[in-house]
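Here's a friendly walk through one protein model. Have a look at the picture first, then read on.

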Amino acid sequence: MINLETPKKYRGFVKQVNEVATNFLRANSRTYDLAEHAYPKELDLLASLVDGMNESGQSQGAGAAGVRVKDDDKDGVKNGTNMSSVLSVIEMCWGDVGLLLSMPRQGLGNSAIASVANDEQLERFKDTWAAMAITEPSFGSDSAAIKTTAVKDGDEYVLNGEKIFVTSGERADSVVVWATLDKSKGRAAIKSFVVPKSLPGIRVERLEHKLGIRASDTAVIVLEDCRVPAANLLGDPEIDTSKGFAGAMATFDNTRPLVAGMAVGCARAALELTRELLTDAGIEIDYDRPAQSQSAAAATFLQMEADWEAAHLLTLSAAWMADNRKPNSLEASMAKAKAGRVGNQITLRCVELASTVGYSEVEFLEKWSRDSKILDIFEGTQQIQQLIVARRVLGLTSSQLK
């Protein structure tokens, strides 16, 4: 049983993160939304501070490095590093989603490394900034359709393929690339590799212009005979068809709650500002009266808050389960599906409620509505999350329910 209150041991930490989000992210939000592809240099100092906190343990495990349960946590914990990471992401995306995604050494690739790397790899890659490269021109949501190949050659793998929509693909110094070891073996042959961008054979082909999260660069990356050390393969190099795609997809059980947290944080920002604007306009929101007996604007706001609280609770639940070593694939997808959908709905509805103020650049509402859309798409679209939930609830495999 959990509730919507921030765990007591994290309240001071969350307050600190909110101050960072206010002074670093929110303060530079409009600047880098307008200056797409410009590097947010203010983040270098912030990233150094986060690195220092992680090294000292003061960060409570926040950030990409937090999504891992230590082997010595024999008895489990009620709230651990996954919970603190989600709480941190919520606050940071209350500040700005695009800038959070641009944080050095806090990319989705870092989350993948933290989730599945062995101890030696964790130490070796601890200072890298890793992007995540899954999607290809021939597919979007079906990660099993990966065509990028990895062929073993001595102590190296030779990678060939093209990846699109790679977040932080230009700025990161390495990329976690998903590739297949043997197309004939199907999903079980898909593995992930840490590919330093300093290696010959990997290049950024172009940067995309986007609707939202403009502060974050999104790249097309091409691999041509890129030779990667075999030791850079994350997880088990053996192809175990009995496990299918489970090994590679396990990464998402940790990263999807983080993306859900991004949507929760962005939507909360929109709700808070909209409440202020409604109050200034003389519209009362009364929690002691039925919504249907209040103004249309107040009733709409109350419904949005209810949806937000549901998304928030699902997100915390998925993180709590990960901290306590409970299988959370169902809950992670439920959190991502709910938060991604209602997050975008809330930000768009807030634009409507604020009318011309919401649609203009006078406030951030129009920006948040643009930023929130991607949170319903990447790390598995809304439709894919619903499909995963249906499979888990009905006990069906991917071949049985497509």
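## The big picture

First, keep in mind that this is a predicted model. The protein contains eleven helices and eight strands. It has 402 residues, and 52% of them are buried.

## Helix α1 and its partner α3

Helix α1 covers residues 11–34, and helix α3 covers residues 81–95. At what angle do these two pack? The angle is about 30 degrees, and their axes are 7 Å apart. Angles under 35 degrees count as roughly parallel, so α1 and α3 are roughly parallel to each other. Their crossing is right-handed.

Which residues do the touching? On the α1 side they are F13, V14, V17, N18, V20, A21, T22, L25, R26 and S29, while α3 brings S84, L87, S88, E91, M92, W94 and G95. Sort the residues of this contact by type and you get nine nonpolar, six polar and two charged.

## Helix α1 and its partner α10

α1 also meets helix α10, which is made of residues 365–373. Here the axes come within 12 Å and cross at roughly 75 degrees. Angles of 65 to 115 degrees count as roughly perpendicular, which means α1 is roughly perpendicular to α10.

From α1, the contact uses R26, S29, R30 and D33; from α10, it uses E366, K367, W368 and R370. What kinds of residues are these? The contact of α1 with α10 has one nonpolar residue, one polar residue and six charged ones.

## Helix α8 from end to end

Helix α8 runs through residues 296–323, which makes 28 residues. From its first C-alpha to its last it reaches 41 Å, close to the 40 Å expected at 1.5 Å a residue. Just after α8 comes R325, with a positive phi of about 55 degrees.

Are they buried or exposed? A296, found in α8, is exposed because its relative accessibility is 61%, and the cut-off for exposed is over 50%. The C-alpha atoms of A296 and I283 are separated by 9.8 Å, with the two residues 13 apart along the chain. E305 also lies in α8, but at 16% relative accessibility it counts as buried. Leaving out residues up to four places away in sequence, E305 touches L271, R275 and Y287.

Which of its residues are buried? They are Q382, Q385, L387, I388, V389 and R391. Just after α11, G395 has a positive phi of about 70 degrees.

Last stop: A114, in helix α5, which spans residues 108–116. Its relative accessible area is 5%, so A114 is buried. A114 and F125 are eleven residues apart along the chain, and their C-alpha atoms are separated by 9.4 Å.

Definitions and conventions. Residues numbered from 1 in each chain as written. Predicted model: local features only at pLDDT ≥ 70, side-chain atom pairs only at ≥ 80, totals over all residues. Heavy atoms only, no water. Helix = DSSP H or I, 4+ residues; strand = E, 2+ residues; numbered from the N terminus. Expected span 1.5 Å × (residues − 1). Axes fitted to C-alpha atoms, helices over the stretch in contact; angles between N-to-C directions. Parallel < 35°, antiparallel > 145°, perpendicular 65-115°, else oblique. Contact = heavy atoms within 4.5 Å. Nonpolar A, V, L, I, M, F, W, Y, C, P; charged D, E, K, R; others polar. Left-handed = near helix turned anticlockwise from the far one by under 90°. Buried < 20%, exposed > 50% of the residue type's maximum accessible area, 1.4 Å probe, protein only.
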